[in-house]
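Please have the sequence and the model open as you read.

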Amino acid sequence: MAESYVEHEVGHPALQHHFANLEQQREAGTLGMWVFLVTEIMFFGGMFLAYTLYRSKYPEAFAIASNHLDIKLGAINTAVLIFSSFTMAMAVYSTQIGKRRAQIISLVATIILGLAFLGIKAVEYYQKYEDHLIPGSLIPGNPFNPDPHAMHLTQGVLMQHVQMFYWIYFAMTGMHALHMIIGVGLLSFLLYFSVKGRYSPEYHNPVEVIGLYWHFVDIVWIFLFPLLYLLGRHTGGH
Amino acid sequence: MQTPWIPFIPPSASTLSDKVDALYFYLVGVTIFFTLLIWGVLGFFVIKYRRRNRYEIPRPVAGSLKLETMWSVIPFIIAMTMFAWGAQVFFQLWRPPANAVEVYVVGKQWMWKIQHTTGQREINELHVPVGRKIKLIMTTEDVIHAFFVPAFRIKADVVPGRYTTLWFEATKPGRYHLFCAEYCGMNHSGMIGSVVAMEPTEFDSWLSGNTSQQSPAVAGQQIYVTLGCVSCHGASGEGGRGPALEGLFGKQVFLNNGQTVVADEGYVRESIVNPQAKLVNGFGPIMPTFQGQVSEEQLLQILAFIKSLQGETQPTTARPSGPVPGSSPAPAAAASPGAVNR
Amino acid sequence: MEEFTPPVPSKINYINAQYGLKSWLLTKDHKRIALLYLGSITFFFFIGGIYAMLIRLELLTPQGDLLQSTTYNKVFTQHGIIMVFFFLIPSIPATLGNFLVPMMIGAKDLAFPRINLLSWYIYMLGGLITIYALLAGGVDTGWTFYTPFSTTFSNSYVVAAGLGIFINGFSSILTGLNFIVTIHTMRAPGMTWFRLPLFIWSHYATSLVMILGTPVIAITVLLVAFERVAHIGIFDPAVGGDPVLFQHLFWFYSHPAVYIMILPSMGVVSELIANFSRKNIFGYSFVAFSSLAIAVFGFLVWGHHLFVSGQSIYAGMIFSFLSFAVAVPSAIKVFNWTATLYKGSISFDTPMLYALGFIGLFTIGGMTGLFLATLGVDVHVTDTYFIVAHFHYIMVGGAIFGYLGGLHYWWPKISGRMYPDGWGRFSALLIFAGFNLTFFPQFVAGYLGMPRRYHAYPPEFQVFNVLSTAGASILAVGYLIPAIYLVWSMRYGKVAPGNPWNLPGLEWRTQSPPPTENFDYTPVVTWEAYEFAPPEETEVVGRFRDEVPEKV
């Protein structure tokens with residue numbers, strides 16, 4: 001929906017017919033994105049609830065499973081995203097003050113950082129694939145079947161509860177990655193039109209609004225990283 | 001259906017059903033009052049102030065804070081009486097008395113499997129004596145069902161992976177509907193049966209006519225031996241690698257994380273299918289799970305066996321046929337053959 | 001009433017501004033999109049209605065001899081899915097709301113016209129996928145999709161139906177988003193918050209529920225689909241999941257969803273009651289804020305669906321308390337509507353008949369809701385026909401009465417034609433009678449213990465089911481008549497003037513049908529909502545007088 005929103009704005013560089021003035025149009029666009037982000041919070045909220053419930057139900061299995069995540073890659077990705085938030089903010093700022101070159105450079109940097117995040121995420125997913133950690137029969141031919149020794153599974157902890165962690169991990173990070181992919185798509189739109197010189201200090205609402213979206217996606221990761229990678233890391237096992 | 005058909009309420013045949021009905025009549029009364037009030041005022045205004053002239057414009061009427069307050073506060077107070085009364089009845093419905101006789105219920109697509117502590121098994125029928133408190137301990141092998149006896153005004157979902165309980169005391173002999181009230185698939189409407197309430201003497205003779213089967217406690221003891229539980233959980237502490245089971249049920253258990261829990265039905269079940277969830281203080285996480293190796297019915301039998309291990313220190317209590325005030329939580333099991341065998 | 005006369009109508013309006021299928025399928029005009037929605041939800045309503053008739057025919061006899069049990073289970077499931085997700089939830093917001101929200105606040109369109117059109121396409125896509133699920137073999141889980149039946153045991157097209165509902169959810173989110181932004185940013189000069197018609201307030205509250213609740217059902221249905229395909233176990237107790245978690249997530253949306261259905265209808269009724277008695281609404285701010293209170297409280301009461309599901313009795317008590325609390329704003333509305341009639345000039349046009357019917361039926365529906373909030377009684381009546389009767393009183397007696405009332409009220413504006421008034425009143429009375437005959441006996445059958453979703457039932461319940469089926473036949477005829485005469489009136493109806501009812505609302509101050517940009521000029525609002533007579537004539541009545549007339 002964010003996509004079509006942008007398409008909409010981008011299709012009409014000047015004032016659209018049903019708005020009284022640019023100010024009203026800008027206000028509507030910004031409020032629209034905020035409202036959309038509220039729905040996004042609720043969307044992720046369902047998964048956060050499931051995470052909280054099962055973590056408190058199976059703390060040991062979750063700790064063991066969490067220990068098997070690659071904390072180094074996770075930390076690098078966190079840094080990448082925080083830096084991309086900075087470049088995104090720079091893109092908005094340079095649009096507002098009318099520095100087109102800085103604007104384009106910032107957008108390109110943000111896109112590269114976004115792609116870097118997705119690349120690192122893909123490496124992590126591939127490791128999980130190799131370790132047969134993809135839950136259930138999501139990937140045909142590679143069912144969930146990790147080596148209990150490699151997982152340092154203690155006796156009595158059920159592999160199915162470890163699987164529950166991985167399902168929540170894949171559901172949440174997968175949904176986050178999907179948002180990143182959409183975000184990179186939106187940024188490419190921005191880049192295309194900013195090269196064409198569409199945005200100016202008078203009209204920069206799309207950059208602002210997509211910036212909001214990008215920051216939101218970053219913030220989701222800021223919650224995901226500690227919850228999935230860090231929490232209970234050293235209490236796992238016996 | 002032998003029970004007389006009463007037009008607007010089902011037969012009332014338990015100690016709680018009249019209480020639920022009294023609350024229901026209160027609600028019906030309030031509903032009729034407010035419905036007639038609104039319809040009456042509406043009808044009166046609509047006729048009195050009907051448009052008589054195409055061009056008439058009535059004067060606006062100012063709002064009134066006093067009226068608004070009145071019709072917010074009064075409904076709220078009435079609602080609170082309903083809430084308080086409803087909660088009070090609810091507590092009685094959900095709090096089984098300590099001296100109730102237990103009956104085990106397992107739902108399955110699409111039948112009710114019932115076992116008495118004395119060993120009798122029934123399918124889609126539950127025979128109970130009048131005037132005795134009965135507690136149902138229920139679970140299901142597959143999907144969610146709900147055990148519903150309209151004449152007793154009781155209902156509870158039967159949820160896979162956990163125990164739910166219901167209790168009642170029948171007051172009138174008769175044959176009453178038993179329905180599955182939670183949609184459970186193809187033959188949901190066929191998952192029905194009867195609860196047969198009988199005079200205690202009749203019930204005793206019904207029981208004695210059906211004693212050929214093992215009591216659940218004895219069956220549970222056999223499972224306990226077959227699965228090798230005995231090697232760690234000797235009934236009086238032999239084995240030593242797991243907590244002793246004698247006298248365990250109903251007691252406080254100290255866990256290795258510093259918490260305490262009461263060893264109730266849910267705890268015993270969890271400790272068998274997910275042993276690491278609540279480890280008793282002083283014992284290592286060495287027990288494997290038995291999930292998938294024991295059926296829901298077998299779990300209930302093991303539970304009955306553990307309940308029967310109340311030891312010599314417990315005063316011998318009720319016969320299965322009579323509630324005795326102040327008896328232990330599992331009086332029926334205490335007198336069952338399982339306890340005697342041990 | 002001369003002061004409300006609209007400008008001289010020009011010949012060009014939103015319907016004849018452009019011709020051709022493409023001009024409709026690619027339109028960004030909120031009024032045309034409303035008509036697209038109107039056509040499609042009517043289509044779904046009749047599909048759902050056919051299923052309803054099959055249910056009622058099957059239950060005519062206790063034996064279960066018309067349909068097989070598997071077929072019956074699919075029929076009531078699909079009745080629920082179609083009616084809830086594809087008719088009731090979009091009914092008023094997507095049609096009347098879409099058409100009227102911009103007009104009532106004096107805007108040219110919704111804030112995001114393309115997103116509005118997108119929402120219709122998303123709705124149609126979700127609808128087509130769901131229809132595919134029905135044609136391919138159907139769904140038999142009940143519209144509630146309770147796990148583990150839906151994830152593990154059902155052999156039907158759960159994933160396809162779930163996908164349809166998931167996709168459809170986004171159309172609801174986009175509609176809500178569009179309304180919120182439009183109401184915030186696009187009000188005409190002078191249209192302050194407290195001059196807004198109550199229809200707008202109720203749509204604002206509805207939109208809040210749409211944007212906050214719908215994402216949760218979306219993710220829940222998605223999890224069910226994944227669980228079914230990949231056997232992961234998030235709701236499956238056999239692998240450590242919790243089936244009751246599903247119920248919490250499901251009802252976290254689906255209880256507020258009831259308010260998505262009823263709040264817009266309350267907004268319509270506020271319009272009808274005020275306008276057809278030519279009075280300012282009594283206690284405007286109380287009615288407005290009660291909508292918001294219902295929307296907010298609505299999110300805190302989902303646990304009352306789980307009183308017998310094994311949740312703790314203390315959780316039950318809290319949810320029971322909150323459910324009683326949400327009854328108060330509903331009561332405030334009913335009392336204020338009734339008080340609005342006091343000293344009014346009440347007409348008996350078709351829309352007003354629906355509005356009065358709404359108040360009467362909503363009173364019964366709301367009061368029986370208290371039975372279900374009362375813990376001790378809910379244990380007995382939940383999952384019986386009592387609850388079936390209760391929610392039909394709210395959803396049919398409430399939502400559909402409001403919808404039909406609103407449709408008749410604004411029909412001259414939408415179509416530019418008058419509907420035949422005699423037929424309108426006749427069918428309104430027919431629907432009222434048929435509805436009560438259908439659903440009132442179900443309260444009795446429910447308290448007697450007849451469980452819902454039963455394909456066959458003990459014979460002592462037959463008398464109630466025969467009454468219900470008889471009522472349903474009347475109801476079916478009652479629904480068909482407006483469908484026929486409204487279509488007929490589009491061509492043969494009397495041409496409607498801009499303001500056929502002589503009303504002060506903004507939507508009546510333009511031609512019928514309106515031009516594409518709604519108004520020939522940007523309106524400037526200088527009057528209060530429902531201002532029939534100058535405010536200085538305000539009468540302070542009765543013993544309950546305020547020192548100062550209420551400032552609205």
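## Chain A at a glance

Chain A has seven helices and zero strands, and its pattern along the sequence reads α-α-α-α-α-α-α. Helices (H or I, at least four residues) and strands (E, at least two) are DSSP runs, numbered from the N terminus. Taken along the principal axes, the C-alpha atoms of chain A fill a box of roughly 65 × 35 × 30 Å.

This is a predicted model, in which local features need pLDDT of at least 70 and side-chain atom pairs count only at pLDDT 80 or more, while totals for chains, interfaces and linings use all residues. Residues are numbered from 1 along each chain as its sequence is written, and chains are lettered from A and ligands numbered from 1 in the order in which they are written. The pLDDT (the predictor's confidence in each residue, from 0 to 100) averages 86 in chain A, where 91% of the residues score at least 70. Over residues 1-11 of chain A the pLDDT is below 50, and beyond near neighbours in sequence this stretch has 29 contacts in the model. Two residues are in contact if their C-beta atoms, placed from the backbone, lie within 7 Å.

## A helix pair in chain A

Helix α5 (residues 100-130) and helix α6 (residues 159-195) of chain A have axes that come within 10 Å and cross at roughly 155 degrees. Such axes are lines fitted to C-alpha atoms, for helices over the stretch in contact, and angles run from 0 to 180 degrees between N-to-C directions. α5(A) and α6(A) are therefore roughly antiparallel to each other; angles under 35 degrees count as roughly parallel, over 145 as roughly antiparallel, 65 to 115 as roughly perpendicular and the rest as oblique.

α5(A) passes α6(A) in a left-handed crossing, a term used if the near helix is turned anticlockwise from the far one by less than a right angle, with right-handed for clockwise. Among the residues that make the contact are A:Ile104, A:Leu107, A:Ile111 and A:Leu118 of α5(A), together with A:Met180, A:Val184, A:Leu187 and A:Leu191 of α6(A). The contact of α5(A) with α6(A) divides into 15 nonpolar, seven polar and two charged residues. Here Ala, Val, Leu, Ile, Met, Phe, Trp, Tyr, Cys and Pro count as nonpolar, Asp, Glu, Lys and Arg as charged, and the others, Gly among them, as polar.

## A helix pair in chain B

In chain B, the axes of helix α1 (residues 17-48) and helix α2 (residues 65-94) come within 10 Å and cross at roughly 165 degrees. α1(B) and α2(B) are therefore roughly antiparallel to each other, and α1(B) passes α2(B) in a left-handed crossing.

On the α1(B) side, B:Lys19, B:Val20, B:Leu23, B:Tyr26, B:Leu27 and B:Val30 meet B:Ile78, B:Met82, B:Trp85, B:Gly86, B:Val89 and B:Gln92 in α2(B). By class, this contact has nine nonpolar, two polar and one charged residues.

## The sheet of chain B

Chain B also holds an open sheet of five strands in the order β4-β10-β9-β6-β7, with mixed pairing. Two strands pair if DSSP finds at least two bridges between them. The edge strands, each pairing on one side only, are β4 (125-129) and β7 (154-158) of chain B. Direction ignored, neighbouring strands of this sheet are turned by 20 degrees against each other on average.

Strand β6 (residues 145-149) of chain B runs antiparallel to β7(B), and five bridges join the two. B:Phe147 stands opposite B:Ala156 in β7(B). Helix α3 (residues 200-208) of chain B lies across β4 and β10 (193-198), running at about 130 degrees to β4(B).

## Where chains B and C meet

In this interface, 77 residues of chain B are in contact with 87 residues of chain C. α1, α2, β6, β7 and β9 (174-180) of chain B each give two or more residues to the side that touches chain C, and α2(B) provides the largest share, 19 residues. That side of chain B divides into 52 nonpolar, 13 polar and 12 charged residues.

## Backbone details to check

A cis peptide bond joins B:Gln109 and B:Trp110, with omega about -5 degrees. B:Trp110 is in the loop between β1 (101-108) and β2 (111-116) of chain B.

In chain C, the peptide bond from C:Thr147 to C:Pro148 is cis, with omega near -5 degrees, and C:Pro148 is in the loop between α4 (113-136) and α5 (149-153). C:Lys343 has a phi near 55 degrees, a positive value in a residue other than glycine; C:Lys343 is placed in the loop between α10 (313-341) and α11 (350-373) of chain C.
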